[in-house]
Amino acid sequence: MIPDDLDDLHALAGEYVLGTLDPPAAREIDDALVANAALRRAVIFWEERLHGLSRLAAPGEPPPETWQKIAARLEIAAQPRTRLWNSLTLWRWSTAAATAAAACLALYIALAPPAGPRLVAILHAPQQQQPAWLATAGSGGLLVRALATETAPVDRSFELWAIAPGATPVSLGLIPASGRLELGRSTSIRDGDLLAITIEPEGGSPSGQPTGPVVFAGTLVAAK
Amino acid sequence: MVMDNEIVALSSLEALVEAVARGSQPALRRIYEQESRRLYGVALRIARRPALAADALQDAFVQVWQKAGSFAAERGSAEAWLTGIVRYRALDAVRKTSREEPSDDPALGDRAEDPDQIEQIDRLLSRDALRRCLGALDENQRRSILLAFVDGLSHAEISKRLPAPLGSVKSWVRRGLLSLRSCLDS
């Protein structure tokens, strides 16, 4: 559990940066960092403030073949966008998260009026149980809204993407600070598409493909 | 790509990271040329074995390539970001292999037995708030924090090294961090 108490949070973030947490606790922080802005700020605080101490280590000459090895590994790695979307498969969606999302979805579908949305997706952060965004699509178009206050980092934007299985991501646009994005019905999305939100430079990805980390994702399913 | 030419040579580390985020390999190469000696030193101090340190440096640069897009403006310094990536990779490597007893061989850069590292810090971080705030900590807290950050020692390794009971070390680290934070914030 990531503590809410500020002292506890800062001590935990500090120990993460020092490296004194045991590996499971450190992994828990890794997983929580993407979605927990307070934790991220605390970790960055310590990284920024302590990194000067690393000058106590004397510089040294790395083995001469190191750069060649790095370059070879980059060649093997695919193009940036493939890389990013491959990383999605690495997300370890916990059973609990999947169950929570399914329960929410069932409730939403039960409450939705007969003429309501045809497709629904609940987006959440990797390894988080909390549904963070709800996307509903129907004859009126697509509506995506934040279920809690989610803000992009300073000078960055949340960008929404639709990814059909096996296809490259298609940008659906930037999510306004209000946390609500409405799109007309010409938006091309289908049952089974993955909706994902990434952090991009202000104004959106310059390349038209995702460049930043995926912070939320969820699959569109048909609401019968 | 525009960044791929002489502009790369003139760029700040932050600009280079941004260029890497846009897929520029020459920018990554430039970062390597500029930073690898320092970063290898950081990794070697933690990992202690050249082979482990070199692997950590390699993994770190592959990560820089993959994660440069997430180097957001909420971060001030690319140097701190890079150092962090290298340190985490070196710590991972060293926690996975069972580390032999930390060596006191000066050739390995192990200065942990320095009676007072604060002198070295004085020299390296003159006029820095960190130096003042570390100086304000009690000796045990400061040594524990330095052994963790610089040498990558775990609580148990620090407790052996000082030597001091494990419980005391844990509380020195935590209390030291909290004092450091309020001092750095003021």
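## Salt bridges within chain B

Arg29(B), Arg30(B) and Glu33(B) are joined in a network of salt bridges, a salt bridge being a side-chain nitrogen of Lys or Arg within 4 Å of a carboxyl oxygen of Asp or Glu. The model is a predicted one, in which local features need pLDDT of at least 70 and side-chain atom pairs count only at pLDDT 80 or more, while totals for chains, interfaces and linings use all residues; side-chain values use heavy atoms, with hydrogens and water left out. Residues are numbered from 1 along each chain as its sequence is written, and chains are lettered from A and ligands numbered from 1 in the order in which they are written.

A further salt bridge links the side chains of Arg38(B) and Glu35(B), at 3.0 Å from N to O. These two residues are three apart in helix 3 (residues 25-47) of chain B, which means that about one helical turn separates them. Helices (H or I, at least four residues) and strands (E, at least two) are DSSP runs, numbered from the N terminus. Arg38(B) counts as buried at 18% relative accessibility, and Glu35(B) counts as buried at 8%. Here buried means under 20% relative accessible area, exposed over 50%, and partly exposed in between (1.4 Å probe, protein chains only).

Arg48(B) and Asp151(B) also meet through their side chains in a salt bridge, at 3.8 Å from N to O. This pair links distant parts of the chain, 103 residues apart: Arg48(B) is in the loop between helix 3 and helix 4 of chain B, and Asp151(B) is in the loop between helix 8 and helix 9 of chain B. Arg48(B) is buried, with a relative accessible area of 8%, and Asp151(B) is buried at 0%.

## Architecture of chain B

Chain B has 10 helices and zero strands. Of its 186 residues, 54% are buried. Among contacts in chain B between residues at least 6 apart in sequence, 59% join residues at least 24 apart; a contact means heavy atoms within 4.5 Å.

## Helix 10 of chain B

Helix 10 (residues 166-185) of chain B has 20 residues, which at 1.5 Å a residue should span 28 Å; its end C-alpha atoms are 29 Å apart, in agreement. The expected span is 1.5 Å times one less than the number of residues.

The buried residues of this helix are Val169(B), Trp172(B), Val173(B), Gly176(B), Leu177(B), Leu180(B), Cys183(B) and Leu184(B). They cover an arc of only 135 degrees around the axis, so they lie on the same side of helix 10 of chain B. The arc is that of the directions from the helix axis to the C-beta atoms. In chain A, these buried residues pack against helix 1 (6-18) and helix 3 (37-50); in chain B, they pack against helix 7 (129-136), helix 8 (139-149) and helix 9 (155-161).

## The interface between chains A and B

In all, 58 residues of chain B are in contact with 48 residues of chain A. The two chains bury about 5,400 Å² between them, 63% of it on carbon and sulfur atoms. Buried area is the accessible area (1.4 Å probe) that two parts lose on being put together, summed over both.

Four salt bridges are counted between chain B and chain A; over all chains the count is 15. One salt bridge brings together the side chains of Arg174(B) and Asp8(A), at 2.9 Å from N to O. Another is formed by Asp59(B) and Arg73(A), whose closest N and O atoms are 2.9 Å apart. Asp59(B) lies in helix 4 (residues 50-67) of chain B and Arg73(A) in helix 4 (residues 66-76) of chain A, so this pair joins two chains. Asp59(B) is partly exposed at 30% relative accessibility, and Arg73(A) is partly exposed with a relative accessible area of 31%.

## A sheet in chain A

Chain A contains an open sheet of five strands in the order 6-3-2-1-9, with antiparallel pairing. Strand 6 and strand 9 (221-222) of chain A stand at the edges with a single partner strand each, so one side of each has no neighbour in the sheet. Two strands pair if DSSP finds at least two bridges between them.

Strand 2 (residues 133-138) and strand 3 (residues 141-146) of chain A pair in the antiparallel sense over six bridges, and a hairpin joins them through two residues. Leu134(A) stands opposite Arg145(A) in strand 3 of chain A. Strand 3 is joined to strand 6 (residues 180-183) of chain A by four bridges, the two running antiparallel; there Leu142(A) has Leu183(A) as its bridge partner. Strand 1 (residues 119-123) and strand 9 of chain A pair in the antiparallel sense over two bridges, with Leu119(A) opposite Ala222(A).
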